[in-house]
Amino acid sequence: MDIDKNQNRQATMKDVAERANVSTATVSYVLNYSDKKKISHETRLKVFKAAEELNYVTDKSARSLALKRYSDVKHEKGIVGLIVDIDEHSSWTKKSIYYEFFNLLAAGLRQSGYELVEILYKNVDQALKEKHDYDLILLYELTLEDAQSLTQEFFVPVASIETPLFNILFHEVNFDFLHLFEDLSQRAKYLCIEDFVNDRVYEIASKFIHPDNILVNTSEESLELFFDKENIQDEKIIVVGEALALKVRRFVDEKQMIVVCYSESGTKLFPNSEVLLFDLNKIVKETCFLVEKLLELKGREVDHIIYIPAEIVKRN
(Lines give C-alpha, C1' and ligand atoms only; values in the text may rest on other atoms or scores of the structure.)
Protein backbone atom coordinates (compact mmCIF):
# COMPACT_ATOMS: atom_id res chain seq x y z
CA MET A 1 0.00 0.00 0.00
CA ASP A 2 1.28 3.49 -0.90
CA ILE A 3 2.32 5.20 2.32
CA ASP A 4 1.36 8.61 0.83
CA LYS A 5 -2.24 7.38 0.47
CA ASN A 6 -2.46 5.91 3.94
CA GLN A 7 -1.56 8.66 6.38
CA ASN A 8 -2.52 6.48 9.36
CA ARG A 9 0.25 3.97 8.70
CA GLN A 10 3.68 4.82 10.06
CA ALA A 11 6.41 4.72 7.44
CA THR A 12 8.86 1.84 7.65
CA MET A 13 12.50 1.54 6.71
CA LYS A 14 11.39 -0.37 3.62
CA ASP A 15 9.21 2.59 2.55
CA VAL A 16 12.18 4.93 2.89
CA ALA A 17 14.34 2.54 0.84
CA GLU A 18 11.77 2.41 -1.96
CA ARG A 19 11.38 6.20 -2.00
CA ALA A 20 15.16 6.73 -2.10
CA ASN A 21 15.70 3.85 -4.56
CA VAL A 22 18.29 2.18 -2.32
CA SER A 23 18.41 -1.02 -0.28
CA THR A 24 16.88 -1.35 3.17
CA ALA A 25 20.38 -2.10 4.49
CA THR A 26 21.62 1.23 3.11
CA VAL A 27 18.78 3.07 4.85
CA SER A 28 19.67 1.32 8.10
CA TYR A 29 23.34 2.30 7.79
CA VAL A 30 22.47 5.91 7.01
CA LEU A 31 19.75 6.51 9.61
CA ASN A 32 21.79 4.81 12.32
CA TYR A 33 24.87 6.80 11.28
CA SER A 34 26.92 3.65 10.87
CA ASP A 35 30.36 3.72 9.23
CA LYS A 36 30.51 -0.04 8.68
CA LYS A 37 29.84 0.55 5.00
CA LYS A 38 31.16 3.46 2.92
CA ILE A 39 28.17 5.40 1.61
CA SER A 40 28.47 8.57 -0.44
CA HIS A 41 27.16 11.85 0.91
CA GLU A 42 24.83 12.07 -2.11
CA THR A 43 23.21 8.74 -1.17
CA ARG A 44 22.94 9.82 2.47
CA LEU A 45 21.19 12.99 1.36
CA LYS A 46 18.71 10.96 -0.73
CA VAL A 47 17.90 8.76 2.28
CA PHE A 48 17.47 11.75 4.62
CA LYS A 49 15.23 13.45 2.06
CA ALA A 50 13.06 10.34 1.68
CA ALA A 51 12.80 9.94 5.46
CA GLU A 52 11.71 13.56 5.80
CA GLU A 53 9.09 13.26 3.03
CA LEU A 54 7.61 10.16 4.65
CA ASN A 55 7.83 11.51 8.23
CA TYR A 56 9.80 8.43 9.14
CA VAL A 57 10.48 8.16 12.88
CA THR A 58 13.72 6.44 13.84
CA ASP A 59 13.77 3.96 16.69
CA LYS A 60 15.77 6.48 18.71
CA SER A 61 13.12 9.14 18.19
CA ALA A 62 10.34 6.69 19.00
CA ARG A 63 12.01 5.77 22.28
CA SER A 64 12.41 9.43 23.11
CA LEU A 65 8.74 10.12 22.37
CA ALA A 66 7.68 7.18 24.50
CA LEU A 67 9.80 8.35 27.39
CA LYS A 68 8.34 11.84 27.21
CA ARG A 69 4.83 10.41 27.03
CA TYR A 70 5.15 8.23 30.12
CA SER A 71 7.52 10.23 32.30
CA ASP A 72 7.74 13.74 33.62
CA VAL A 73 11.53 13.39 33.83
CA LYS A 74 13.44 15.09 31.00
CA HIS A 75 15.67 12.45 29.39
CA GLU A 76 18.73 13.07 27.29
CA LYS A 77 17.97 13.09 23.57
CA GLY A 78 21.58 12.95 22.50
CA ILE A 79 25.08 14.36 22.58
CA VAL A 80 26.28 17.23 20.40
CA GLY A 81 30.02 17.63 19.89
CA LEU A 82 31.42 21.13 19.29
CA ILE A 83 34.85 21.14 17.60
CA VAL A 84 36.81 24.34 18.21
CA ASP A 85 40.42 25.32 17.54
CA ILE A 86 41.34 27.01 20.81
CA ASP A 87 44.18 26.44 23.27
CA GLU A 88 46.32 28.08 25.91
CA HIS A 89 47.98 30.26 23.27
CA SER A 90 44.70 31.71 21.98
CA SER A 91 44.10 35.38 22.71
CA TRP A 92 41.97 36.51 25.61
CA THR A 93 39.51 38.08 23.18
CA LYS A 94 39.00 34.85 21.27
CA LYS A 95 38.56 32.87 24.48
CA SER A 96 36.12 35.41 25.88
CA ILE A 97 33.83 35.35 22.82
CA TYR A 98 34.05 31.58 22.47
CA TYR A 99 33.30 30.67 26.08
CA GLU A 100 30.37 33.07 26.26
CA PHE A 101 29.02 31.42 23.10
CA PHE A 102 29.70 27.91 24.45
CA ASN A 103 27.92 28.56 27.74
CA LEU A 104 24.89 30.06 26.00
CA LEU A 105 24.71 27.18 23.51
CA ALA A 106 25.15 24.52 26.22
CA ALA A 107 22.28 26.04 28.21
CA GLY A 108 20.05 26.29 25.13
CA LEU A 109 20.65 22.71 24.06
CA ARG A 110 20.24 21.39 27.59
CA GLN A 111 16.74 22.88 27.69
CA SER A 112 15.90 20.74 24.66
CA GLY A 113 17.45 17.61 26.19
CA TYR A 114 20.83 17.65 24.44
CA GLU A 115 24.25 17.67 26.06
CA LEU A 116 26.99 19.82 24.48
CA VAL A 117 30.54 18.44 24.64
CA GLU A 118 33.58 20.55 23.76
CA ILE A 119 36.12 18.91 21.44
CA LEU A 120 39.40 20.80 21.14
CA TYR A 121 40.79 20.56 17.61
CA LYS A 122 44.19 19.47 18.95
CA ASN A 123 42.41 16.45 20.48
CA VAL A 124 40.22 15.68 17.49
CA ASP A 125 41.94 12.35 16.80
CA GLN A 126 40.70 11.09 20.15
CA ALA A 127 37.20 12.32 19.32
CA LEU A 128 37.29 10.39 16.06
CA LYS A 129 37.96 7.20 18.03
CA GLU A 130 34.84 7.98 20.08
CA LYS A 131 32.71 9.29 17.20
CA HIS A 132 29.92 6.82 17.87
CA ASP A 133 29.25 8.72 21.11
CA TYR A 134 28.00 11.78 19.21
CA ASP A 135 24.63 12.33 17.57
CA LEU A 136 25.62 15.55 15.79
CA ILE A 137 28.82 17.55 15.25
CA LEU A 138 29.15 21.34 15.16
CA LEU A 139 32.28 23.00 13.73
CA TYR A 140 33.11 26.38 15.27
CA GLU A 141 35.38 28.90 13.52
CA LEU A 142 37.60 26.36 11.75
CA THR A 143 39.51 26.91 8.52
CA LEU A 144 37.93 25.73 5.30
CA GLU A 145 40.54 22.98 4.90
CA ASP A 146 40.10 21.64 8.43
CA ALA A 147 36.30 21.83 8.23
CA GLN A 148 36.06 20.02 4.90
CA SER A 149 38.40 17.31 6.15
CA LEU A 150 36.29 16.71 9.27
CA THR A 151 33.02 16.43 7.35
CA GLN A 152 34.40 13.24 5.78
CA GLU A 153 35.25 11.70 9.14
CA PHE A 154 31.92 11.76 10.97
CA PHE A 155 28.90 9.70 9.99
CA VAL A 156 26.41 11.86 11.88
CA PRO A 157 24.90 15.20 10.83
CA VAL A 158 27.53 17.94 10.66
CA ALA A 159 26.83 21.68 10.70
CA SER A 160 29.05 24.71 11.10
CA ILE A 161 29.06 28.02 12.95
CA GLU A 162 31.15 30.84 11.51
CA THR A 163 32.95 28.19 9.45
CA PRO A 164 32.79 28.07 5.63
CA LEU A 165 31.93 24.69 4.12
CA PHE A 166 30.72 25.61 0.60
CA ASN A 167 28.77 22.36 0.38
CA ILE A 168 25.00 22.08 0.02
CA LEU A 169 25.04 18.86 2.06
CA PHE A 170 25.85 20.79 5.23
CA HIS A 171 24.14 23.65 7.03
CA GLU A 172 25.91 26.80 8.22
CA VAL A 173 25.03 29.48 10.77
CA ASN A 174 26.99 32.68 10.15
CA PHE A 175 27.02 36.32 11.10
CA ASP A 176 26.10 38.41 8.05
CA PHE A 177 29.42 40.12 7.41
CA LEU A 178 28.62 40.56 3.72
CA HIS A 179 25.81 43.06 4.24
CA LEU A 180 27.62 44.60 7.21
CA PHE A 181 30.73 45.53 5.21
CA GLU A 182 28.74 46.42 2.12
CA ASP A 183 26.79 48.98 4.16
CA LEU A 184 29.57 50.34 6.37
CA SER A 185 32.09 50.69 3.52
CA GLN A 186 29.92 53.51 2.20
CA ARG A 187 30.92 55.55 5.26
CA ALA A 188 34.22 54.06 6.41
CA LYS A 189 37.50 53.66 4.54
CA TYR A 190 39.41 51.57 7.09
CA LEU A 191 38.84 48.30 8.94
CA CYS A 192 40.46 46.69 11.98
CA ILE A 193 39.87 42.99 12.77
CA GLU A 194 41.55 40.46 15.06
CA ASP A 195 43.93 37.87 13.65
CA PHE A 196 41.73 34.98 14.83
CA VAL A 197 38.82 36.04 12.61
CA ASN A 198 38.47 33.39 9.92
CA ASP A 199 39.59 33.87 6.31
CA ARG A 200 35.99 34.16 5.09
CA VAL A 201 35.52 37.43 6.97
CA TYR A 202 38.70 38.92 5.53
CA GLU A 203 37.75 37.86 2.00
CA ILE A 204 34.32 39.45 2.35
CA ALA A 205 35.79 42.66 3.75
CA SER A 206 38.35 42.96 0.95
CA LYS A 207 35.51 43.09 -1.59
CA PHE A 208 34.46 46.45 -0.20
CA ILE A 209 37.58 47.84 1.51
CA HIS A 210 41.02 47.99 -0.07
CA PRO A 211 43.33 45.37 1.51
CA ASP A 212 45.90 48.09 2.24
CA ASN A 213 43.28 49.72 4.49
CA ILE A 214 42.56 46.55 6.50
CA LEU A 215 44.50 45.89 9.68
CA VAL A 216 44.57 42.28 10.88
CA ASN A 217 45.73 42.91 14.43
CA THR A 218 48.41 40.57 15.73
CA SER A 219 49.98 42.68 18.48
CA GLU A 220 50.25 46.11 20.05
CA GLU A 221 53.06 46.85 17.62
CA SER A 222 50.88 46.11 14.60
CA LEU A 223 48.36 48.70 15.82
CA GLU A 224 51.08 51.33 16.29
CA LEU A 225 52.59 50.67 12.87
CA PHE A 226 49.21 50.84 11.15
CA PHE A 227 48.15 54.12 12.69
CA ASP A 228 51.62 55.67 12.31
CA LYS A 229 51.76 55.13 8.58
CA GLU A 230 48.14 55.90 7.77
CA ASN A 231 46.75 59.40 7.64
CA ILE A 232 43.35 58.60 9.10
CA GLN A 233 42.80 61.47 11.48
CA ASP A 234 39.49 62.40 9.87
CA GLU A 235 38.46 59.01 8.46
CA LYS A 236 35.86 56.58 9.78
CA ILE A 237 37.18 53.21 10.95
CA ILE A 238 35.23 49.96 11.33
CA VAL A 239 36.44 47.95 14.33
CA VAL A 240 35.16 44.39 14.79
CA GLY A 241 35.12 43.38 18.45
CA GLU A 242 34.83 45.52 21.57
CA ALA A 243 38.19 44.41 22.99
CA LEU A 244 39.99 45.56 19.84
CA ALA A 245 38.01 48.81 19.84
CA LEU A 246 39.26 49.60 23.35
CA LYS A 247 42.81 49.42 21.97
CA VAL A 248 42.06 51.35 18.78
CA ARG A 249 40.55 54.32 20.58
CA ARG A 250 43.97 55.06 22.07
CA PHE A 251 45.05 56.08 18.56
CA VAL A 252 41.94 57.81 17.16
CA ASP A 253 39.01 59.88 18.30
CA GLU A 254 36.16 57.64 19.49
CA LYS A 255 33.77 59.47 17.14
CA GLN A 256 35.70 58.06 14.18
CA MET A 257 34.99 54.47 15.17
CA ILE A 258 32.14 52.25 14.02
CA VAL A 259 32.30 49.44 16.56
CA VAL A 260 30.82 45.98 15.94
CA CYS A 261 30.29 44.28 19.31
CA TYR A 262 29.53 40.67 20.23
CA SER A 263 27.94 41.35 23.63
CA GLU A 264 25.25 43.75 24.72
CA SER A 265 27.39 44.90 27.63
CA GLY A 266 30.16 45.78 25.17
CA THR A 267 27.90 48.20 23.32
CA LYS A 268 27.87 50.47 26.38
CA LEU A 269 31.64 51.02 26.35
CA PHE A 270 31.61 53.47 23.44
CA PRO A 271 29.21 56.35 24.15
CA ASN A 272 30.66 58.52 21.36
CA SER A 273 30.90 55.86 18.64
CA GLU A 274 28.45 54.37 16.18
CA VAL A 275 27.75 50.88 17.54
CA LEU A 276 26.35 47.67 16.04
CA LEU A 277 25.77 44.28 17.65
CA PHE A 278 26.21 40.72 16.43
CA ASP A 279 24.01 39.12 19.07
CA LEU A 280 25.42 35.81 20.37
CA ASN A 281 21.99 34.96 21.76
CA LYS A 282 20.52 35.00 18.26
CA ILE A 283 23.18 32.77 16.73
CA VAL A 284 22.67 30.38 19.66
CA LYS A 285 18.91 30.35 19.13
CA GLU A 286 19.29 29.55 15.43
CA THR A 287 21.89 26.86 16.16
CA CYS A 288 19.61 25.15 18.69
CA PHE A 289 16.75 25.23 16.17
CA LEU A 290 19.02 23.76 13.48
CA VAL A 291 20.21 20.95 15.79
CA GLU A 292 16.60 19.99 16.57
CA LYS A 293 15.64 19.90 12.88
CA LEU A 294 18.69 17.90 11.77
CA LEU A 295 18.20 15.27 14.47
CA GLU A 296 14.50 15.04 13.60
CA LEU A 297 15.57 14.46 9.96
CA LYS A 298 13.83 17.69 8.95
CA GLY A 299 16.83 19.60 7.66
CA ARG A 300 14.89 20.64 4.55
CA GLU A 301 12.78 22.93 6.72
CA VAL A 302 15.86 25.04 7.52
CA ASP A 303 17.76 27.34 5.16
CA HIS A 304 21.05 25.90 3.95
CA ILE A 305 22.87 28.96 5.31
CA ILE A 306 21.38 30.97 8.17
CA TYR A 307 22.63 34.55 8.40
CA ILE A 308 22.43 36.60 11.59
CA PRO A 309 22.37 40.33 10.73
CA ALA A 310 24.09 43.00 12.77
CA GLU A 311 21.70 45.20 14.77
CA ILE A 312 22.16 48.95 14.87
CA VAL A 313 22.50 49.98 18.51
CA LYS A 314 23.49 53.60 18.05
CA ARG A 315 24.19 55.84 15.07
CA ASN A 316 26.13 59.08 15.14
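Ground rules before the details. The model is predicted, so to speak: local features need pLDDT of at least 70, side-chain atom pairs count only at pLDDT 80 or more, and totals for chains, interfaces and linings use all residues. Residues are numbered from 1 along each chain as its sequence is written, and side-chain values use heavy atoms, with hydrogens and water left out.

Overview first. The chain has 12 helices and 12 strands. These are DSSP runs, numbered from the N terminus: helices are H or I with at least four residues, strands are E with at least two. There are 316 residues, and 49% of them count as buried. Buried means under 20% relative accessible area with a 1.4 Å probe, protein chains only.

Now contacts, meaning heavy atoms within 4.5 Å. Take those with a separation of 6 or more: residues 24 or more positions apart account for 58%.

H8 spans residues 177-184, with Phe177, Leu180, Phe181 and Leu184 buried. Those residues fall within an arc of 85° seen down the axis, so they line one face of H8. The arc is taken from the directions from the helix axis to the C-beta atoms.

H7, residues 144-151, buries Ala147, Leu150 and Thr151. Their arc is only 105°, which puts them on the same side of H7.

On to the cores. A nonpolar core is a set of buried Ala, Val, Leu, Ile, Met, Phe, Trp, Tyr and Cys residues joined through side-chain atoms within 4.5 Å. The largest has 53 residues. Among the members touching the most others are Phe177, Phe181 and Ile283. Helix H12, residues 280-295, gives the most to this core: 8 residues. Leaving aside neighbours within four places in sequence, Ile283 contacts Phe101, Ile161, Val173, Phe175 and Ile308. A second, separate core has 19 residues, including Met257 and Val259.

Last stop, Ser273. This residue sits in the loop between E9 and E10. Buried or exposed? Ser273 is buried, at a relative accessible area of 0%. Beyond its neighbours within four places in sequence, Ser273 contacts Glu254, Met257, Val259, Lys314 and Asn316.

Conventions: Buried < 20%, exposed > 50% of the residue type's maximum accessible area, 1.4 Å probe, protein only.
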